[in-house]
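Thank you all for coming this morning.

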Amino acid sequence: MLPGHPAPTSGHRGGSRRSQVTLIRDHQACIPLTRILGDGDIVVLLTPVVPPAQPDAGDGNDPFEPLGRALAKRHPWVRHVPYTSRNGMTSTHVGFIKRAKVVVFVISGPPSAGQPSQVETGLMARMVGEQRPQVIVACQNVHDLGLMEANFPTIVQLPGYLPSDLQVAASVLFGEASATTTAGLDVQSLIIEPKFWPPENWDGLNVTPVHELWNQCLPDQFHLEKFPLQSLLQRDGYAMHFIVKLPENREVVGFCATYTTFVDREGERLIGSLAMIIVKPAYRRRGIGLSLYEHALKQLKRIRGVDRIQLGSTFPRLLSGIPAASASEGWFRRRGWQMDGQAPGHGQDICDWILRIDDWPSGGLSASSAGLTFRQGTFDDFTSIADFVEKESANKDYTGWYDQYMNLAHDGRISDIVFGLEQSEIVATALIYTPSEASSLAQDLPWARTIGSDVGGVACICIADGNPGMTTSKDTIMIRLLDACVTILKEQGMKRVFLDAVKGGYEGFQSMGFQKWAIYRDLWQSI
């Protein structure tokens with residue numbers, strides 16, 4: 001699109017103003033939409049449920065209805081579907097997106113206190129849409145919304161969402177009016193020149209500013225109380241954390257958490273975890289995150305025995321990887337992290353799941369398979385269990401899992417291990433915990449107790465692979481193992497079950513009543 005003059009439109013309260021529509025970028029080359037639309041092609045318009053732009057507008061109509069009508073005047077196959085930040089992308093939205101040729105996603109402004117970001121919802125819509133073109137219509141300065149970092153391929157900026165603004169936007173989207181481009185903007189209004197900020201070691205003594213930054217930067221589901229966060233961060237001997245402070249007042253505006261974890265029983269190989277980088281929103285795009293990232297990588301690579309760097313952490317578990325469909329994906333991709341999903345460590349999905357125990361289809365699941373039994377571990381079982389877990393976790397690259405089994409043994413909590421036998425051969429193991437327990441596993445995995453006091457957890461599932469003596473399918477073993485864990489947790493008073501860091505099996509888990517709680521990208525590199 002060529003730069004043009006902003007089109008004048010009538011303004012509110014009888015005045016006039018110019019509704020200047022700016023094409024920030026169009027990497028998809030999809031504007032005007034007439035380039036890619038044919039008769040019958042569906043345009044899905046997703047707009048937020050927000051108050052009208054003019055406070056005195058008392059008709060109660062959707063403030064984005066003028067945009068829907070204006071688009072439909074030019075292309076009759078428009079489907080206008082509102083969304084709320086609280087509910088995000090529902091199955092209804094997914095159904096419309098899957099039928100669309102192009103998705104127009106409107107962002108009206110930053111989130112209200114306690115509300116998820118419309119930008120995050122837009123990223124989720126983009127993930128659902130897969131290869132479909134998505135046009136972001138931002139009704140506010142893109143810098144204020146954080147859209148430049150979110151890496152959306154096509155962004156159109158409006159001064160607001162008055163009907164006049166929306167009418168001009170429709171004209172621009174269909175090539176009937178020209179938009180200005182970023183060539184006509186003060187670039188400094190969008191980008192502040194990055195610089196190097198010297199990171200400092202965090203001593204762990206004053207957790208308050210880090211706790212405030214954590215809850216300010218992360219979505220609500222990952223918010224933590226002060227003491228649990230402090231417990232996760234203060235791990236003497238294998239945690240190194242860094243902060244960036246403003247030179248003028250020493251305010252903490254950036255934080256990076258890193259850990260090292262033993263890979264196996266020998267204790268010679270280590271994995272370095274770049275567990276978290278967060279920057280205060282007002283100070284993003286200034287080089288703070290990059291300064292922390294480069295410093296943390298340098299420090300981890302200097303540690304003897306570290307032969308792999310991962311994004312996210314194993315134990316303690318902050319996040320299993322970077323959240324899927326987040327702005328972080330583009331940021332790390334630009335720093336060389338592969339996310340094609342074609343090889344281990346290249347961005348395969350990892351899921352956390354939540355189950356209401358009342359939804360567990362227990363009828364028939366506990367029916368015995370020939371020679372297959374499940375029970376809780378005892379002291380006499382542990383040597384065999386440890387040998388099985390060491391072998392399977394090494395084969396499947398389950399870093400840190402062996403340590404969790406050993407920790408439970410050291411704590412005298414071997415009954416928290418649930419295992420399955422086919423005849424006399426161990427074929428499956430898992431760990432269980434409840435939020436009120438003082439076990440090391442419960443302390444390392446914070447999200448079950450964050451969700452609620454009635455949520456028990458299942459973690460570190462190992463299923464035998466390649467055992468020629470096995471006569472039962474892995475799927476059957478998994479179902480029976482989960483059934484045993486759910487039954488025990490129910491007996492312990494739990495009403496829900498949290499399943500941590502599982503790769504694959506989406507349809508199977510959903511068919512058993514599990515719901516996705518979080519999705520991450522599994523990312524690591526050998527060094």
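Let me begin with a term that we need at once: a nonpolar core is a set of buried Ala, Val, Leu, Ile, Met, Phe, Trp, Tyr and Cys residues joined through side-chain atoms within 4.5 Å, where buried means under 20% relative accessible area, exposed means over 50%, and partly exposed is in between, with a 1.4 Å probe and protein chains only. Please keep in mind that this is a predicted model, in which local features need pLDDT of at least 70 and side-chain atom pairs count only at pLDDT 80 or more, while totals for chains, interfaces and linings use all residues. Residues are numbered from 1 along each chain as its sequence is written, and side-chain values use heavy atoms, with hydrogens and water left out.

The largest nonpolar core has 90 residues, and those with the most contacts inside it are Val458 and Leu482. Helix 15, residues 474-491, gives the most to this core, with nine residues; helices here are DSSP runs of H or I with at least four residues, strands are runs of E with at least two, and both are numbered from the N terminus. If we take contact to mean heavy atoms within 4.5 Å, then Val458 touches, among others beyond four places in sequence, Leu482, Cys485, Leu489 and Phe498. A second, separate core of 29 residues includes Val102, Val137, Leu166 and Val172. In soluble globular proteins, nonpolar side chains tend to be buried together.

For the chain as a whole, there are 16 helices and 22 strands, and of the 527 residues, 52% count as buried. Among contacts with a separation of 6 or more, 74% are made by residues 24 or more positions apart.

Now to the aromatic rings, of which the structure holds 15 pairs; rings of Phe, Tyr and Trp (its six-membered ring) pair if their centres lie within 6.5 Å, and planes under 30 degrees apart count as stacked, over 60 as edge-to-face and the rest as tilted. The rings of Phe222 and Trp517 have centres 5.5 Å apart and planes at 85°, so this pair is edge-to-face. Because Phe222 lies in the loop between helix 7 (208-217) and helix 8 (226-233) and Trp517 in strand 22 (residues 515-526), the pair ties together parts that are 295 residues apart in sequence.

Which residues does Ser320 meet, once neighbours within four places in sequence are left aside? Ser320 is in contact with Leu311, Gly312, Ser313, Ile350, Asp352, Ala501 and Tyr520. Its place is in the loop between strand 14 (306-311) and strand 15 (322-323), and with a relative accessible area of 5% Ser320 is buried.

Finally, is Pro116 buried or partly exposed? Pro116 has a relative accessible area of 29%, so it is partly exposed. This residue lies in the loop between strand 6 (102-107) and helix 3 (118-129). Although Pro116 and Ser85 are 31 residues apart along the chain, their C-alpha atoms are separated by 5.6 Å, and Pro116 touches Ser85, Arg86 and Pro111, again not counting residues up to four places away in sequence.
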